[in-house]
Protein chains: 2
Amino acid sequence: MTPDEFKQAGYRMVDTITEYMRTVESMPVTPKTKPGDVLDALPISPPENPESWDAIHTDLDSIITPNLTHWQHPGFFAYFSCNASAPAILAEIAAAGLNVNGMLWSTSPAATELETRMLDWCAQLFDLPKAFISNHQNNLGRRGGGVIQSTASEATLVALLAAQERHRDLNNPQTGVLVTSDQAHSSVIKAAMIAGLAQGPDDQSRVRLVRTHPDGSMNLDELARTIDAIHAENKSIIMLSATAGTTGTGGIDDTPAVRDTLDRAHETGHWPGWLHLDAAWAGVAAVCPEHRGVLAGARVADSVCINPHKWLLTNFDCDLMWTRDSGAIIRALSITPEYLRNKQSDANAVIDYRDWQIPLGRRFRALKLWFVIRHYGLQGLRAHIRCHLEWAEWFAQQAQADDRFELICPRSLGLVCFRLKHAPDAHDPNPALLESINQSGKVFLSHTAAPKDGRFTIRFVTGATATEFKHVAGAWSIIKDAASSLANLG
Amino acid sequence: MTPDEFKQAGYRMVDTITEYMRTVESMPVTPKTKPGDVLDALPISPPENPESWDAIHTDLDSIITPNLTHWQHPGFFAYFSCNASAPAILAEIAAAGLNVNGMLWSTSPAATELETRMLDWCAQLFDLPKAFISNHQNNLGRRGGGVIQSTASEATLVALLAAQERHRDLNNPQTGVLVTSDQAHSSVIKAAMIAGLAQGPDDQSRVRLVRTHPDGSMNLDELARTIDAIHAENKSIIMLSATAGTTGTGGIDDTPAVRDTLDRAHETGHWPGWLHLDAAWAGVAAVCPEHRGVLAGARVADSVCINPHKWLLTNFDCDLMWTRDSGAIIRALSITPEYLRNKQSDANAVIDYRDWQIPLGRRFRALKLWFVIRHYGLQGLRAHIRCHLEWAEWFAQQAQADDRFELICPRSLGLVCFRLKHAPDAHDPNPALLESINQSGKVFLSHTAAPKDGRFTIRFVTGATATEFKHVAGAWSIIKDAASSLANLG
């Protein structure tokens with residue numbers, strides 16, 4: 001394909017995306033696809049000869065798009081959002097065209113240095129402590145910094161590996177365990193499985209799950225008991241992963257108090273452990289000064305992660321991870337064969353982000369942040385978050401005002417967890433309610449188990465870029481109507 | 001930004017990329033950037049107010065592009081290439097616009113099923129055994145399948161975790177070790193560090209590096225000795241990672257013979273270990289029937305990975321990983337909180353690729369493969385590979401015919417490893433030669449240490465999408481001239 005042919009095909013693809021932006025609202029949020037439908041529509045074998053762009057475009061429109069779950073639909077209120085935005089898409093076009101591999105500073109200086117600057121910008125945006133600024137040296141001689149990881153799962157794994165490194169560095173002879181809450185994201189246990197601390201999701205010999213309050217936040221009395229039990233077994237804590245915004249219910253651990261509880265371990269001669277703060281979803285709200293409290297834990301954490309790809313208008317994937325001790329990460333992950341050596345790295349004059357992550361190669365993801373932050377400005381980012389919070393509050397008020405519903409805990413930022421009340425011995429109508437709501441095709445909500453009693457709970461999360469108040473109001477209508485229909489049926 | 005504004009900005013970005021394709025050849029392959037140059041050009045703090053697109057575009061052109069290493073430059077002959085192509089860029093535009101998260105089948109059925117079909121297409125393309133086809137059940141009841149990983153590093157780590165799972169599953173009471181060659185990619189040792197088998201790159205208590213031949217391939221006598229030593233320590237092999245195409249010199253392990261050597265361990269009552277084949281770079285050549293031998297190891301491997309993002313015209317990131325035993329991967333990596341449960345997964349009717357990888361979320365990367373394979377057809381892909389091989393052969397012949405140079409081992413596919421001869425006691429002129437070549441700005445080559453004696457060796461790799469014969473010929477001229485200048489100076 002010549003550059004001119006690419007240009008024509010590029011315009012056409014931009015047209016397709018523009019049309020998708022305009023029309024996604026008219027599509028069902030979730031498709032009616034049955035397992036195998038798409039497979040059956042695709043040839044068994046690859047083509048011997050080149051095919052035309054027309055054929056490819058036609059199939060994209062007819063086979064792929066109708067069988068997607070539309071995460072960019074304004075009625076997408078499930079999981080946490082995965083928000084695209086025009087400037088982020090434009091940056092992805094640029095990144096794809098340049099297609100550089102920024103594994104080392106020397107393999108694309110601008111990719112590395114733009115990333116460094118963006119992490120420092122975002123540290124200011126979220127009012128993180130200075131200790132997280134690139135190369136800021138603390139009084140222990142440790143250097144801070146940030147990096148773009150693919151996902152929070154990888155940030156948690158990298159934090160755990162750094163924590164293990166520090167644990168070893170202290171010549172700690174005790175067996176180390178990972179502590180988190182029973183509402184922490186599944187990726188914390190998955191990190192333990194990957195790092196060899198757990199031989200499966202239920203292996204709790206070196207993973208301890210602290211019980212939580214009904215809102216999903218960690219119970220500190222339980223934490224104190226957990227720590228005592230760990231020490232009684234002559235074990236120590238490698239890492240505690242606290243959460244600002246649990247996936248189920250948006251619970252926010254009182255991380256400063258967690259730190260105090262950990263630090264009391266010093267009195268009994270134990271290393272208090274690395275404190276990681278998983279603020280993947282909720283952390284984004286801290287762009288608004290009135291929500292800085294969400295990240296109070298950052299003041300006392302050794303590492304923290306926040307996902308602009310969830311709620312800050314930045315396309316997937318883009319997880320921001322900061323640490324006060326980049327040295328621990330680098331010692332845990334660095335290995336330098338001759339074929340990667342270069343003058344700037346040898347002189348220790350640059351950051352090589354390959355040493356901060358699991359893979360070696362890396363895409364140019366900092367461009368997205370740069371475009372998004374400059375296009376919206378801090379003002380625009382704050383306005384975006386505030387709208388979603390206002391709409392979620394409105395939704396929570398409706399649910400609370402309707403006698404048929406209950407919130408299982410107070411609204412947490414854009415997340416409202418609610419259910420239909422029902423007699424304790426009656427069949428739980430909530431799974432059927434959720435199915436009925438989603439079958440409308442207008443909205444998509446997901447569910448969780450209530451931290452308190454495990455009961456089926458419906459989650460409603462604002463965050464999709466295209467959502468406006470009318471979509472939230474429309475969702476509430478659909479939910480009310482579905483509840484009424486269900487009551488009439490029952 | 002309205003859809004119409006996006007459309008205009010999208011056209012402009014397509015124009016920018018088109019212009020980049022046209023002009024990249026006129027830029028120096030590697031920039032003269034000094035550490036801090038780009039940081040200094042970027043404001044310390046994010047903007048409070050929105051900025052204009054003009055400002056963003058201007059800065060992209062003036063601050064970022066001139067300070068990149070141009071991996072798409074036709075004179076890029078370093079490392080292994082990281083090849084973009086027009087259809088792959090178009091697919092990235094589509095993927096960015098749709099921005100779906102295919103973590104579960106249900107969160108975007110078409111993303112999952114297109115990926116399944118693409119892995120099956122590629123299995124045919126590379127003539128892999130049927131055991132790797134999705135859901136193909138072998139005589140042990142194990143099911144095959146493939147998945148897109150971000151990088152080969154992650155494929156190797158996932159293979160290691162699956163191997164550990166199988167090792168445990170056999171109730172193997174012996175301590176397990178990882179075996180690979182001393183020329184295997186650094187990511188193999190990094191996987192051991194991440195999985196808790198090694199406490200740093202030099203910790204060889206549970207990692208054994210088998211010595212290699214001068215071409216970088218594994219020495220099988222040394223392997224037999226390594227295995228005996230492992231058994232003598234009452235340890236067993238968790239995984240052996242063989243390489244088809246080492247990063248340094250392109251060495252191809254005789255993997256069928258490796259398998260035989262491993263299997264002999266059965267006679268002494270030891271589990272032979274999981275055999276992973278890292279064919280990240282060289283495997284792509286197997287699209288050509290005459291190069292199928294490169295993947296002979298796939299016939300005997302438990303898992304294999306190949307990177308279209310290196311040499312098959314597919315933008316980064318795109319690593320293809322296949323296994324004969326997807327169950328082992330899923331058991332090693334699956335954890336299902338209530339908030340991810342859904343009917344199709346509960347019914348075991350679908351593939352949820354989140355269980356095949358380290359992160360939870362995932363981009364829609366199968367689109368790239370679909371567009372690339374359909375646009376080029378198998379014919380076009382084969383022609384692409386054959387050109388690069390022909391040019392590399394021409395280059396190798398020139399170097400061999402020039403008395404001043406020596407190849408340190410035979411050409412391996414698109415990779416030629418050469419050096420200036422010099423008297424044993426003289427200063428090695430090759431680092432200076434490489435620096436002089438790269439300072440031309442016309443080409444970029446990298447280096448490695450020779451497997452035999454560790455001496456500085458220059459690597460020349462064909463593979464960049466834009467490269468034509470004239471660029472290879474031009475590179476040879478530059479190298480000859482640089483050698484002459486160096487001789488005149490000395």
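Analyst: Copies are superposed by least squares on the C-alpha atoms of residues with pLDDT of at least 70 in both. This is a predicted model, where local features need pLDDT of at least 70, side-chain atom pairs count only at pLDDT 80 or more, and totals for chains, interfaces and linings use all residues. Residues are numbered from 1 along each chain as its sequence is written, while chains are lettered from A and ligands numbered from 1 in the order in which they are written.

User: What makes the relation of chain A to chain B that of a two-fold axis?

Analyst: A rotation of 180° superposes chain A on chain B, with 0.0 Å of shift along the axis and an RMSD of 0.0 Å. That is therefore a two-fold axis. In chain A, the C-alpha of A195(A) is nearest the axis, 2.2 Å from it.

User: How many residues of chain A are in contact with chain B?

Analyst: Contact takes C-beta atoms, placed from the backbone, within 7 Å. By that rule, 114 residues of chain A touch 114 residues of chain B.

User: Why do the copies meet through the same surface?

Analyst: Because 100% of the interface residues of chain A are also interface residues in chain B.

User: Why is strand 7 of chain B called largely enclosed?

Analyst: A residue is buried if 20 or more other C-beta atoms lie within 10 Å of its own, exposed if 12 or fewer, and partly exposed in between; C-beta atoms are placed from the backbone. Strands are DSSP runs (E, at least two residues), numbered from the N terminus. Five of the five residues of strand 7 (residues 319-323) of chain B are buried, so the rest of the structure largely encloses it.

How values were computed
Contact = placed C-beta atoms within 7 Å. Helix = DSSP H or I, 4+ residues; strand = E, 2+ residues; numbered from the N terminus.
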